Amino acid sequence: MKRHGHYCKVCGEYKANEKFSGKGHAAHICKACAKLPPEEKAEQMALRRLESLPPRLSKADIAWLKNRVKDRRPAVRQMAEIIYAIRFQK
Ligand SMILES: [Zn+2]
(Lines give C-alpha, C1' and ligand atoms only; values in the text may rest on other atoms or scores of the structure.)
Protein backbone atom coordinates (compact mmCIF):
# COMPACT_ATOMS: atom_id res chain seq x y z
CA MET A 1 0.00 0.00 0.00
CA LYS A 2 1.31 3.38 -0.93
CA ARG A 3 0.90 6.00 1.70
CA HIS A 4 0.03 9.49 0.61
CA GLY A 5 0.45 12.69 2.45
CA HIS A 6 2.31 13.32 5.59
CA TYR A 7 2.63 11.47 8.87
CA CYS A 8 1.46 13.16 12.08
CA LYS A 9 3.39 11.88 15.06
CA VAL A 10 0.65 12.91 17.50
CA CYS A 11 -2.41 11.16 16.03
CA GLY A 12 -0.36 8.67 13.99
CA GLU A 13 -2.34 9.28 10.81
CA TYR A 14 -1.28 10.05 7.29
CA LYS A 15 -2.94 13.27 6.24
CA ALA A 16 -2.88 15.46 3.17
CA ASN A 17 -0.26 18.16 3.09
CA GLU A 18 -2.87 20.88 3.49
CA LYS A 19 -3.72 19.45 6.93
CA PHE A 20 -0.35 20.67 8.11
CA SER A 21 0.72 24.24 8.66
CA GLY A 22 4.19 25.28 7.55
CA LYS A 23 5.56 24.87 11.02
CA GLY A 24 3.58 21.70 11.75
CA HIS A 25 4.98 20.16 8.61
CA ALA A 26 8.53 20.25 9.90
CA ALA A 27 7.45 19.08 13.34
CA HIS A 28 5.18 16.32 11.92
CA ILE A 29 2.17 17.65 13.80
CA CYS A 30 -1.10 18.22 11.92
CA LYS A 31 -3.24 21.32 12.42
CA ALA A 32 -5.84 19.44 14.49
CA CYS A 33 -3.21 18.05 16.87
CA ALA A 34 -1.39 21.36 17.08
CA LYS A 35 -4.44 22.69 18.97
CA LEU A 36 -4.23 20.05 21.69
CA PRO A 37 -2.94 21.04 25.12
CA PRO A 38 0.81 20.31 25.43
CA GLU A 39 0.24 17.55 28.02
CA GLU A 40 -2.06 15.65 25.72
CA LYS A 41 0.21 16.16 22.73
CA ALA A 42 3.14 14.74 24.68
CA GLU A 43 1.10 11.75 25.82
CA GLN A 44 -0.07 10.94 22.29
CA MET A 45 3.46 11.27 20.98
CA ALA A 46 4.70 8.84 23.64
CA LEU A 47 1.98 6.34 22.65
CA ARG A 48 2.82 6.66 18.96
CA ARG A 49 6.50 6.10 19.71
CA LEU A 50 5.66 2.99 21.76
CA GLU A 51 3.63 1.64 18.83
CA SER A 52 6.35 2.28 16.31
CA LEU A 53 9.48 1.14 18.13
CA PRO A 54 11.80 -0.62 15.67
CA PRO A 55 12.32 -4.41 15.88
CA ARG A 56 15.86 -3.89 17.10
CA LEU A 57 15.93 -1.40 19.93
CA SER A 58 18.88 0.93 20.37
CA LYS A 59 20.24 1.62 23.85
CA ALA A 60 18.42 4.93 23.78
CA ASP A 61 15.15 3.19 22.84
CA ILE A 62 15.55 0.69 25.70
CA ALA A 63 16.30 3.44 28.21
CA TRP A 64 13.32 5.41 26.99
CA LEU A 65 11.04 2.34 27.15
CA LYS A 66 12.15 1.57 30.71
CA ASN A 67 11.31 5.09 31.74
CA ARG A 68 7.87 4.80 30.15
CA VAL A 69 7.16 1.68 32.25
CA LYS A 70 7.40 4.09 35.20
CA ASP A 71 5.45 6.83 33.46
CA ARG A 72 2.94 8.73 35.59
CA ARG A 73 0.38 8.71 32.76
CA PRO A 74 -1.61 5.45 33.03
CA ALA A 75 -2.21 4.99 29.28
CA VAL A 76 1.49 5.35 28.53
CA ARG A 77 2.53 3.12 31.43
CA GLN A 78 0.11 0.35 30.46
CA MET A 79 1.22 0.21 26.87
CA ALA A 80 4.88 0.39 27.89
CA GLU A 81 4.40 -2.53 30.29
CA ILE A 82 2.88 -4.66 27.55
CA ILE A 83 5.58 -3.81 25.03
CA TYR A 84 8.33 -4.30 27.58
CA ALA A 85 6.94 -7.72 28.49
CA ILE A 86 6.77 -8.76 24.83
CA ARG A 87 10.32 -7.62 24.13
CA PHE A 88 12.14 -8.72 27.25
CA GLN A 89 10.34 -11.59 28.94
CA LYS A 90 10.51 -14.33 26.37
ZN1 LIG B 1 -2.43 14.75 14.05
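Residues are numbered from 1 along each chain as its sequence is written, and side-chain values use heavy atoms, with hydrogens and water left out. Because the model is predicted, local features need pLDDT of at least 70 and side-chain atom pairs count only at pLDDT 80 or more, whereas totals for chains, interfaces and linings use all residues.

The zinc ion is held by the SG atoms of Cys8, Cys11, Cys30 and Cys33, at 2.3 to 2.4 Å. Donors are here N, O and S atoms within 2.8 Å of the metal (3.2 Å for Na, K and Ca); water is not among the atoms, so sites may look incomplete. The angles among the four donor atoms run from 101 to 123 degrees, and the site is tetrahedral, a label given to four donors if all angles lie between 85 and 135 degrees. For four tetrahedral donors the ideal angle is 109.5 degrees.

Along the sequence, the donor residues follow the spacing C-x2-C-x18-C-x2-C. Distant parts of the chain are linked by the pair Cys8 and Cys30, 22 residues apart. Cys8 belongs to the loop between strand E1 (6-7) and strand E2 (14-15), and Cys30 to the loop between helix H1 (22-27) and helix H2 (31-34). Helices (H or I, at least four residues) and strands (E, at least two) are DSSP runs, numbered from the N terminus. Cys8 has 0% relative accessibility and therefore counts as buried; Cys30, at 1%, is likewise buried. Buried means under 20% relative accessible area, exposed over 50%, and partly exposed in between (1.4 Å probe, protein chains only).

Ala27 lies in helix H1 and is partly exposed at 31% relative accessibility.

Helix H3 contributes Arg48, which is buried with a relative accessible area of 13%. Arg48 touches Tyr7, Lys9, Val10, Cys11 and Gly12, not counting residues up to four places away in sequence; contact means heavy atoms within 4.5 Å. One of these residues, Cys11, is also a zinc donor.

In helix H4 (residues 59-69), the buried residues are Asp61, Trp64, Leu65 and Arg68. They are on the same side of H4 because they cover an arc of only 100 degrees around the axis, taken from the directions from the helix axis to the C-beta atoms. These buried residues pack against helix H3 (38-51) and helix H5 (74-88).

Key: Tetrahedral: all angles 85-135°; square planar, octahedral: opposite > 155°, others 65-115°.
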